[in-house]
Structures are given as structure tokens and as C-alpha cells.
Amino acid sequence: MVRPSDTMIEQFARRLLTAKSPVLQSLRSPERAAEAARRLSLLAQDNWTTRRTRLAQEIRRDAARRPIDPSYLMYAVSEALPQDAVVVEEAVSATSALLSFLPYRDRRSFLGLASGGIGFAIAGAVGASLALPGRPIVAVIGDGSAMYSIQALWTAAHLELPITYAIINNRSYRILKERMVSMRGARQFTGMDLHHPEIDFTGLAQSLGVKASRVTDPRDIGPALRQAIGSEGPRLLEFVVADGFGDAA
């Protein structure tokens, strides 16, 4: 939805820049042009695109690691997305990695977590798909977050919405563990693991009418995502990743 305030700000900026352009051009000189070129060159050495390229080179070293490295998964997700994809993001502990690789193509291409609460993304992807018909929705969600509104998978199946759910399964609330370590130096984590028994997201999705599969090999990330995004109706991919605290998958 475009709010009146969005339109007003957008139009004001366009009109202001158009009006100021002749003034700025009149102030242009060879010296100022050279200085502007120099500053742009410096910015290009450390802008988002340059940092992404550098980080991608580093992260590809983990391409064969198993369990899948969460940061590599976020890179692979960004590489597999079509140009018109809308990402609904609730990756939580993997969010920073995703944002390091994911380009913003338009104002509706990314719908992320806006506060400290979690649990919106399974249902939020349904809303995004209804609001943006014709665009593929890819929801990138941590396993802990997914359990808050997992029943919305049934709605996605019932409405046959083109949503791909990418569940990052680290079998824990990793973000809580990270906060405990950073704030209190803790190494014991009560009630923050999701195993014994582990949650079978593939089986859970299938029980709610969503076709699903489990991905454990990093080489399968791209092909699995592209196949799911190109399919009719919702799909769920359960990516088994390292938990970051030494547990094996």
C-alpha cells in the first residue's frame, strides 16, 4: 500500500532536485568535477557492492561445509532469487548475513522484522502474496520463529499461493544463546534447544498440505530454491545448518 505521506515525500524530493539541478550545474567547475570524481572513486572502493563481492569471495570457501554454514546459505539464497522476488525475512541470527548479500530492488522487495518480537513471517508471507499477486514470495525464517505461526502454512496451501518457505533449522534459539554469551558470558542455555525430539519441518509442512523437502548438502541449495520458486503453490525447504555452538546436525 502506498500511503499519502510516501507519495508526498517522493514527489517533494523529485521536485526539489529538479529545481536545484540548474543551480548545481552553474557551480560546476573542472576542479570541483575532479574532486567529485576522486570522492566517488574512494566510495566505490568500499560501497555495498564492493563489500558484497569481497564477502562473497570469502564465504564461498565454506561452500562445502556440512552442516551448512548459515552465512553461506544466505549468500546462496540471494544468488538464487529472481529479479522480481519479494523476501519476507525473519532469519534472526542470520539476518546480518542476508542483508550483506541481498540487493534492494524496489521498496516492496524486502519485508523484514521491524522490532524485537518474532513470529510474523509464516503468516506475513501469506499477506505479502495476497497483496502482491504475480510476484514470487520467498520467506527466510529461523526454525524458532517459524513455530510461532506454523499453522499459516495451511492457509498458504488452501489459497495455493506462490510462496517458498526457506526454514533455517539450527535446532535452537541461537539468537538467545548469542545474547546470553554477549551480555552475561553464559555457556549454559536452558530451554533454548529444539531437539530431543527434533522438529520435522518437512513432515510438519506436508501434514498442512505444503510440499516440502530437506536440504543438507550445500550444493543443493540453489537448485532446490529455483525449483521451489518455479513451482505452482507453496513449497517449504528445510535447510539444516550448523548451530554455531558445536553441536552436530
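Reply: Helices (H or I, at least four residues) and strands (E, at least two) are DSSP runs, numbered from the N terminus. Helix H1 covers residues 4–26, and Val-23 is found in it. This is a predicted model, in which local features need pLDDT of at least 70 and side-chain atom pairs count only at pLDDT 80 or more, while totals for chains, interfaces and linings use all residues. Residues are numbered from 1 along each chain as its sequence is written, and side-chain values use heavy atoms, with hydrogens and water left out.

Me: Why is Val-23 called partly exposed?

Reply: Buried means under 20% relative accessible area, exposed over 50%, and partly exposed in between (1.4 Å probe, protein chains only). Val-23 has a relative accessible area of 44%, and is therefore partly exposed.

Me: Why does Ser-145 count as buried?

Reply: Ser-145, in helix H7 (residues 143–146), has 4% relative accessibility and so counts as buried. Contact means heavy atoms within 4.5 Å; leaving aside residues up to four places away in sequence, Ser-145 touches Glu-90, Val-92, Ile-118 and Gly-119.

Me: What makes E5 and E6 a pair of strands?

Reply: Two strands pair if DSSP finds at least two bridges between them. Five bridges join E5 to strand E6 (residues 235–240), so the two are paired, and they run parallel. Lys-211 has Arg-235 in E6 as its bridge partner.

Me: What is the strand order of the open sheet?

Reply: The six strands follow the order E2-E1-E3-E4-E6-E5, with parallel pairing. Strand E2 (110–112) and strand E5 (211–215) are the edge strands, because each pairs on one side only.
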